[in-house]
Structure formats: structure tokens, C-alpha cells
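Here is a short tour of one chain, from its overall layout down to a few single residues. Keep the structure open beside the text as you read.

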Amino acid sequence: MSEVVEAVENTEKSEKLEKKSLVARLEEEGDVAADYLEALLDIADLDGDIDIDVENDRASLAIAGGALGHLVGDRGEVLDAIQELTRLAVQTSTGERSRLMLDIDNFRGDKKEELAKLAHEIADQVKASGESVKLRPMNAFERKVVHDTIQEIGLTSESEGKDPNRCVVVLAE
């Protein structure tokens, strides 16, 4: 019996260490990314405050302040490019693939709210009509927000197509 208790305790300790090491690794990613972004802002002679956090098992960075709208682009395409460059800088430094998320001037935060509202409207439409609805093409971030919201509502969704024309389809029950 004591062997079982000991095995359970060892498993719990191991899980805590894994979680702690994951958080430490993500914090390191955040620090490397912040250094890279700070250098980028300096080169472009832009002001901005960088906040680092860990959300949903990934490093999350946000840049706020100053005139940063041009670092987002009309539909977030410049933000996506800067995020990918930052991920590459982190990968080069750490040797591991990064899934960090970058937000500038709360573009992604505002977009999440907008997409969640859209997902609720589409869910109501699907429930009322009993027919699946295909949304406009979206990037990976946008699709994830819609999928997560649709799942919370209790419906099912899937992605179809290939980038850049990949879109979410909300399925009828």
C-alpha cells in the first residue's frame, strides 16, 4: 500500500516540476521576445511599454503606448509578421519552437471581443436555421477564437480550406 502512495506522491511532484519548468521556459521566452521587441522599437525610434505574461501555456506579450497603429496594419497583417519574426528570434535564442502571442495597442484583445460576438450571432443563426454556416477566411488566431467560442456555446465547428483562404464552418447539430 505504501508503494502506491509513494508512486502517487512522486507523480504529483513530477507534474508540479513539469508545470514549474514550463512556466520558467515560457518566462524565458517572454524575456527573449521582450529584448527583441525593445531593440525593434529602438531601431524604429518608437515608444512603447512591453508587458510580459504567461497565458494558456504560452508566453504573451503586449506593446502599448505611443503611435503604434502602423505596427498592426489594416487587418493585423503587420502584427502577424512581427509576431512571426519575434517567434523566430526566440527560437534562435532558445533552440525551441515558440508559440508566443503578441498584441500591439490591444488589437488582438479588441478582435477577440468582436469575433466572440460574431460567433454568438452565427451560433444563433445556425440554431434557428438548422443549417451550417461558413464564415469568411480568417487567420489562425481569428479561427481559434471562433472555435473556442463556438465550443463554449455547445456547438461544433471545423476549419476548411488552405491558408490564406482557410475559414471556419459552424456545423448544424
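Residues 24 or more positions apart account for 57% of the contacts in the chain with a separation of 6 or more, where contact means heavy atoms within 4.5 Å. The model is a predicted one, in which local features need pLDDT of at least 70 and side-chain atom pairs count only at pLDDT 80 or more, while totals for chains, interfaces and linings use all residues. Residues are numbered from 1 along each chain as its sequence is written, and side-chain values use heavy atoms, with hydrogens and water left out.

The chain holds 4 helices and 6 strands; these are DSSP runs numbered from the N terminus, helices being H or I with at least four residues and strands being E with at least two. In sequence order they give the pattern α-β-β-α-β-α-β-α-β-β. Of the 173 residues, 34% count as buried, a label that means under 20% relative accessible area, with exposed over 50% and partly exposed in between (1.4 Å probe, protein chains only).

**The sheet of E1, E2 and E3**

Let us begin with an open sheet of 3 strands in the order E1-E2-E3, with mixed pairing. Strand E1 (49–55) and E3 each have a single partner strand and stand at the edges, so one side of each is left without a neighbour in the sheet. Neighbouring strands here are turned by 20 degrees against each other on average, direction ignored. Two strands are called paired if DSSP finds at least two bridges between them. The pairs of the chain that have a bridge count to show, along with one residue pair from each, are set out here.

| Strand pair | Sense | Bridges | Residues opposite each other |
|---|---|---|---|
| E1 and E2 | antiparallel | 7 bridges | Glu55 and Arg58 |
| E2 and E3 | parallel | 4 bridges | Ile63 and Ile104 |

**The cores**

In soluble globular proteins, nonpolar side chains tend to be buried together. A nonpolar core is taken here as a set of buried Ala, Val, Leu, Ile, Met, Phe, Trp, Tyr and Cys residues joined through side-chain atoms within 4.5 Å. The largest has 19 residues, and Leu61, Ile63, Leu102 and Ile104 have the most contacts inside it. At least two residues of this core come from each of helix H1 (2–43), strand E2 (58–64), H2 and strand E3 (101–104). The most come from H1, which gives 5 residues. Which residues does isoleucine 104 contact, leaving aside its neighbours within four places in sequence? They are Ile63, Leu68, Leu71, Val72, Leu79 and Ile82. A second, separate core has 16 residues, among them Ala119, Phe141, Val145 and Val146.

**A few single residues**

Glutamine 83 belongs to helix H2 (residues 77–94). Is glutamine 83 buried or exposed? Its relative accessibility is 6%, so glutamine 83 counts as buried. Beyond its neighbours within four places in sequence, glutamine 83 is in contact with Leu100, Met101, Leu102 and Arg108.

Arginine 108 in turn lies over the face of phenylalanine 141, 4.9 Å from the ring centre; the rule asks for NZ of Lys or CZ of Arg within 6 Å of the ring centre and within 35 degrees of the ring normal.

Arginine 25, in helix H1, is partly exposed with a relative accessible area of 29%. Arginine 25 and alanine 59 are 34 residues apart in sequence and 9.0 Å apart in space, C-alpha to C-alpha.

Notes
Axes are lines fitted to C-alpha atoms, for helices over the stretch in contact, and angles run from 0 to 180 degrees between N-to-C directions.
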